[in-house]
Amino acid sequence: MADVVDELVRPSSTLTRGDLLRRGAAGAFAVSMFGGLTDKALGFYGPLRFAKKQLAGDLSIMTWAHFVPAYDQWLDNTYVKQWGEANDVQVKVDHINNALLYSRGAAEVAAQSGHDLFWFISPPSTFQKQAIPVTDLVQEVGKKLGPMTGVARKSTYNPKTKQFYGFPETYAPDPVQYRKSFLEQTGVSLNTWEDLRKGAPKLKAIGHPVGLGMSNEIDSNMLLTSLLYCYGGFIQNEENRIVIGQGSNRRGAIEALRVMRDIYQNGMSDEVFAWTAASNNQAFLAGRLSVALNAISIARSAENQGNVALSDDTWLASIPRGPAMRLGNEHVMGVYLIWKFAKNKEAAQKYVVDQMINYREHFLRSGYYNFPPWTGSIKGGFKTIRQLCAQDPHKPKGKYTILTTIAEKYTTNPGHPGNTTPVMDEIYNTFLIPQMFAQVAQGKATPAEAISAFTTKAQSIYRKWRNQGLV
Amino acid sequence: MEAQAARAGSRGSHWRHALESRRVLAILLIAPAVVFMVLVVGVPFVWAIYLSFTDAIGGSLSGNWVGFDNFASAWQDDNFRRALRNTFIFTLGSQAIVLVGAAVLSNFLVRDFRGKWIVRFLVVLPWAAPVVLSTITWLWLFDSLYSVANWTLARLHLDNALVWLLGAVNLEEGAQVPLQWLGRPNLALLAITVVHAWRILPFAVVIFIAGRASIPTEVEDASKIDGATGVKKLWYVDIPLQLPIALVAVLFGIVFTAADFGVVYILTHGGPFNATQVLPTWAYAIGIDSGSLGEGAAISLFLFPLLVVVSIGMLFFARRAQVS
């Protein structure tokens, strides 16, 4: 906590937390007022309200190339420009492929040089010693907007250090996307995983297999961990200890492995072992798949490509229910880190606060991809979000409404019911979960053997990070 | 004034004299290369050795001394052992293909025929293309949905036969049509080996051609007079004379393949189920992506003894080839 205060109330700075929030609100107000206007309106600003307290200098931001390209265009050409002009800060935003964010982040940390603000696609808990804690910012934004969602809190809070090491910027629900006509034709339901297990062979028989990845890529990590939740096979407990090899967790995980093996053997093809993060999108958009689990990028791509037949036939649903629960991981958890070596920490802090205080435009511009970690950042919270989603003009009318339900009730963080820790980070980065599922699916190991092997590896990783004092 | 000029002249003469000395000139000429190597290779290498004995995590570049814990921890992990095994499989498998391919192609390309220059150009092309770009092309060829390889097999009506064959020789039981080259462990190993061989082959061909060109024509004439033709000539004349330079090509190929990161990372990311991980990609997953810098450094150093032996071999055979 002392670190945060040091960063926020340095003697050399006139910026207090109160100022930060007041000015954040003012900045957000300015952006909300003018953000929706066309680029021609960029030059219009009245006299600066905090003329003697302006931030200064440059602010460099590294972020991903968004799945919705139009969002990046708006962010770079409208929002960031307006925010920069309102705060006397020259802002530069760099976008890179999401798969390169970790290695780029590691390179910046190694060089102790780079961007002031670094956005990660999943909670970058292994970098937390390199970032300034943002607990004060989180608390102050919380006072303004109300409580943070559980998924964002557990993704960015370290109970061991009692600090928020990252500032949550967004999260994306992970709905099932399916071809309505194929499911109607075969009479398959997606209500439960058991329904899908029984229905998968019928879908494959009509030439449209199910597409649930078991490959070395992030989507497979997210999906397969979700399946474990649904069967009560939790990798770690609330205290972030590895428990998957014990009692009901082991039994649940074994059952989840059996279900996925059956779905693969009867309703999928080998392609799910060879996928990259974009492959299920491509296979669905090519008209091959009947069911996939992904963020709304599949549905949006169908719309943007002008493929009306496919778009109209693509419906969204919650993740199927398992014997234990209906629960899925977020698909994306966008988290900002402010590096300890950042040259303009004050501007970085103000930028993230400003963005969060009025997030509505970000939500809309991203085509409902970016859900706010504080639902209060959209006035009316989930109620308004639901109404906005319902207004989407694409057919079938109201198909995006379910996103709100998924975001509100069925979305959690990797590591549930614990936090997203460096242990989960390493488990994901070494693809141990797809490895476990794929070995069982291809008959290389029994579910019990795969669980035992996974548990051994996970416990070894846990011990390593516990010795680092991060779990 | 004159005294000053004399002193200046004396200093200039001193420098000229020094530069005439082989010892000084040699040091001066080689110094930039040595400094460059020390900075770019030596310092990171020594640092990696240091990190491998610490519990350093992402970005810290220092940590607590843990002795050989990182090496022991890596060795106990079956994914690491698989990565080590795969490194050998890819290296030896691809070099076997390269050796045969380069011998055949070089024999063909030293002869005169119409269109020789374009064949040579095509052979060398994979070496000229950036590894990342060419590997992405291979990724498309092996794509899960739009595989050119599968399209070709299907057009030739060979896809079902190949699936049957793979099952019959126990290489990939349970494989389906269309084949998922990067989704089945043995097929993925095969695909990666082929890409490595394709990548290294041009280099080996050029070395082999140079080796053949260096054989004195007198030796060729003498062997003809002695009646050495065909296989006999190949066995008793060509191979012994080309062996040192061929070994240099193979040893270079071993280093290039064993230390390669891009091909596996782009094609499979180590999948399916970490069955195609190699030491560089596993070290990256642990050390960079997961932030366990010390352990990642230890994993990367497992290759060092092998590469030292190979490098010594390269220098030895290169010198021998030069002398002969």
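Visitor: Why is A:Arg386 called partly exposed?

Guide: This is a predicted model, so every value here is computed from it. A:Arg386 has 30% relative accessibility. Buried means under 20% and exposed means over 50%. The value for A:Arg386 falls in between, so partly exposed is the label.

Visitor: What makes A:Arg386 and A:Glu408 a salt bridge?

Guide: Their side chains meet at 3.6 Å, N to O. The cut-off is 4 Å, so the pair qualifies. The two residues belong to distant parts of the chain, 22 residues apart. A:Arg386 is in helix α16 and A:Glu408 is in helix α17 of chain A.

Visitor: Is A:Glu408 buried, partly exposed or exposed?

Guide: Its relative accessible area is 41%. Exposed needs over 50% and buried needs under 20%, so A:Glu408 is partly exposed.

Visitor: How do you know that A:Lys180 and A:Glu184 form a salt bridge?

Guide: The closest N and O atoms are 3.5 Å apart. The limit is 4 Å, so the pair counts.

Visitor: Why are A:Lys180 and A:Glu184 separated by about one helical turn?

Guide: Both are in helix α7 of chain A, and they are 4 residues apart, so the separation is about one turn.

Visitor: What makes A:Glu255 and A:Arg258 a salt bridge?

Guide: The N to O distance is 3.5 Å. A:Glu255 has 26% relative accessibility and counts as partly exposed. A:Arg258 has 36% and counts as partly exposed.

Visitor: Which residues are linked with A:Glu255 and A:Arg258 in a network of salt bridges?

Guide: The network also holds A:Glu194, A:Arg197, A:Arg261 and A:Asp262. Over all chains, the search finds 24 salt bridges.

Visitor: How many salt bridges cross the interface of chain B and chain A?

Guide: The rule finds 3. One involves A:Lys464 and B:Glu295.

Visitor: How do you know that A:Lys464 and B:Glu295 form a salt bridge?

Guide: Their closest N and O atoms are 2.8 Å apart. The cut-off is 4 Å, so the pair passes.

Visitor: What else describes the interface of chain B and chain A?

Guide: The contact takes 42 residues from chain B and 40 from chain A. The two chains bury about 3,100 Å² between them, with 51% of it on carbon and sulfur atoms. In chain B, the residues that lose the most area to chain A are B:Ile57, B:Phe273 and B:Ser290. There are 17 residue pairs in polar contact across the interface. On the side of chain B that touches chain A, α13(B) gives the most, with 6 residues. That side has 15 nonpolar, 18 polar and 9 charged residues.

Visitor: Why is B:His196 called buried?

Guide: B:His196 has 2% relative accessibility. Leaving aside neighbours within four places in sequence, B:His196 is in contact with B:Phe90, B:Ser94, B:Thr257, B:Asp260 and B:Val263.

Visitor: What makes the phi of A:Asn240 worth noting?

Guide: Phi of A:Asn240 is near 65 degrees, a positive value in a residue other than glycine. Most residues other than glycine have a negative phi. A:Asn240 sits in the loop between α9 and α10 of chain A. Its relative accessible area is 5%, under the 20% limit, so A:Asn240 is buried.

Visitor: Where is B:His269, and what is its phi?

Guide: B:His269 lies in the loop between α12 and α13 of chain B. Its phi is near 55 degrees, a positive value in a residue other than glycine. B:His269 has a relative accessible area of 23%, so it is partly exposed.

Visitor: Which peptide bond in that loop of chain B is cis?

Guide: The bond joining B:Gly271 and B:Pro272 is cis, with omega about -5 degrees. B:Pro272 is found in the loop between α12 and α13. In chain A, the bond from A:His416 to A:Pro417 is cis, with omega near 5 degrees. Most peptide bonds are trans.

Methods: Residues numbered from 1 in each chain as written. Chains lettered and ligands numbered in written order. Predicted model: local features only at pLDDT ≥ 70, side-chain atom pairs only at ≥ 80, totals over all residues. Heavy atoms only, no water. Contact = heavy atoms within 4.5 Å. Buried area = accessible area lost by both parts, 1.4 Å probe. Polar contact = N/O pair within 3.5 Å; in protein donor to acceptor, adjacent residues only side chain to side chain. Nonpolar A, V, L, I, M, F, W, Y, C, P; charged D, E, K, R; others polar. Buried < 20%, exposed > 50% of the residue type's maximum accessible area, 1.4 Å probe, protein only.
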